[in-house]
Amino acid sequence: MVNYAGSGKYIYLNGEFVPEAEAKVHVLSGAVKYGALVFEGLVAYLDGEGRDVNVFRLPGHVARLFHSMRLMRFQHDFTPEGLHEIVLETLRRNDVRQDVHIRLAAFVEGHGQTGEKGPVGVSCSVTSRPARSLEAKAIRCAVSSWRRIDDTTLPPRIKSAANYANGRLGVMQAREDGYDEAIFLTQAGKVAEAASSCFFAVRDGQLITSEATHGILESITRDSLIQLLARDCARPVVEREIDRSELYLCEEAFLCGSSYEVTPIVDIDGFVLGDGQAGPLTRLAWLSYEAALRGGDGAHAHWLTPVHGAGLPRRAAGSG
Ligand code: PMP
């Protein structure tokens, strides 16, 4: 059995902060039996001066969780403000003073049948995330033979745990075949996204990304990059249908997401992109995004919610 004891971390679960080993959900819950769980993956970064840790686009993530719960017909009495506070308090309780990934989840508890709307539980947990250079993040992708789930069956717009079964099929196959990640096509054969990130490419100097109605999660990083690059790049990003064959002709490509940040793609199905390294627009995207994440972009300071407010708490004497 996996042993979660001894991490020293606290997880928020239904009104309490409990040691990681005690954060449990019943095997008969709708969450476990049928994947009746929606979630958000957020990030918080240390600012450039090391003064505070800031959650990136907290209200946007919580709003998306509310959309997911609405589409799944979860019956709950959460408020956006209440969930903001749960996220911030989880970081404070864990004395976070470094870059972290945060998971906020809402799920059906009880003896959940497929149609149960509640009771709905909520949890929030945090894990540290080491910084990696753009070069170290470069990956090789395969176009998956598994197609992306579709709005008519399992809407990718819902950030539901169940949707990740589709991502898992593609990623496992890609790894079996010697690649790092899978790029999914829609049922109509157009480029959708990867299992846990959205797709951007550069064709003839033009940044392009799949439209929000083409089998993708409405990614907050994608939206941030579209806004940042409209300012920082000579030409704004174009949202349009992307053909599979364009994947092999583009000069640059990258994945983006809260976890993936900006992840350069240097090869797709054995076609090396550009000179096989992160290209100039990929680098620009990362620099603009990183500045926004770390508080170095005054125009987007409103995207950051400080965790500790009055600066990082002093460490308790003797705690290292
Ligand atoms: N697509 C999928 C399927 C994802 O799981 C994620 C990660 N949440 C993304 C895209 C990127 O979304 P975001 O930028 O909001 O993290």
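This is a predicted model: local features need pLDDT of at least 70, side-chain atom pairs count only at pLDDT 80 or more; totals for chains, interfaces and linings use all residues.
1. Strand E8 and strand E9 (residues 191-194) run antiparallel, joined by 2 bridges. Across this pair, Leu 185 sits opposite Val 191 in E9.

2. The E8-E9 hairpin has 5 residues between its strands. Gly 189 has a positive phi there, near 85°.

3. E8 spans residues 181-185 and is mostly covered, with 5 of its 5 residues buried. Glu 181, Ile 183 and Leu 185 point one way. Ala 182 and Phe 184 point the other way. Note that the buried set includes Glu 181.

4. Strand E7 (residues 139-143) pairs with E8 in the parallel sense, over 3 bridges. Here Cys 141 stands opposite Glu 181. Between E7 and E8 the chain passes through helix H5 (residues 164-176), and this β-α-β crossover is right-handed.

5. Now the ligand. There are 16 residues around the ligand. Tyr 164, Glu 193, Ser 219, Thr 221 and Ser 258 come nearest. By class, the shell has 6 nonpolar, 6 polar and 4 charged residues. Helix H6 (220-232) and strand E13 (252-257) each supply at least two of the shell residues.

6. A ligand oxygen lies 2.3 Å from a side-chain N or O atom of Tyr 164. For the side chain of Ser 219, the distance from a ligand oxygen to an N or O atom is 2.6 Å. A polar backbone atom of Ile 220 is 2.9 Å from an oxygen of the ligand. On its own the ligand has 390 Å² of accessible area, and the protein covers 96% of this area.

Key: Residues are numbered from 1 along each chain as its sequence is written. Side-chain values use heavy atoms; hydrogens and water are left out. Buried means under 20% relative accessible area, exposed over 50%, partly exposed in between (1.4 Å probe, protein chains only). Helices (H or I, at least four residues) and strands (E, at least two) are DSSP runs, numbered from the N terminus. Two strands pair if DSSP finds at least two bridges between them. A crossover is right-handed if, with the strands pointing away from the viewer, the path from the first strand over the helix to the second runs clockwise. A residue is near a molecule or strand if one of its heavy atoms lies within 4 Å of it. A polar contact is a pair of N or O atoms within 3.5 Å; within protein, one must be able to donate a hydrogen and the other to accept it, and residues adjacent in sequence count only if both atoms are side-chain atoms. Accessible areas come from the Shrake-Rupley method with a 1.4 Å probe; for residues, only the protein chains shown count as cover. Ala, Val, Leu, Ile, Met, Phe, Trp, Tyr, Cys and Pro count as nonpolar, Asp, Glu, Lys and Arg as charged, and the others, Gly among them, as polar.
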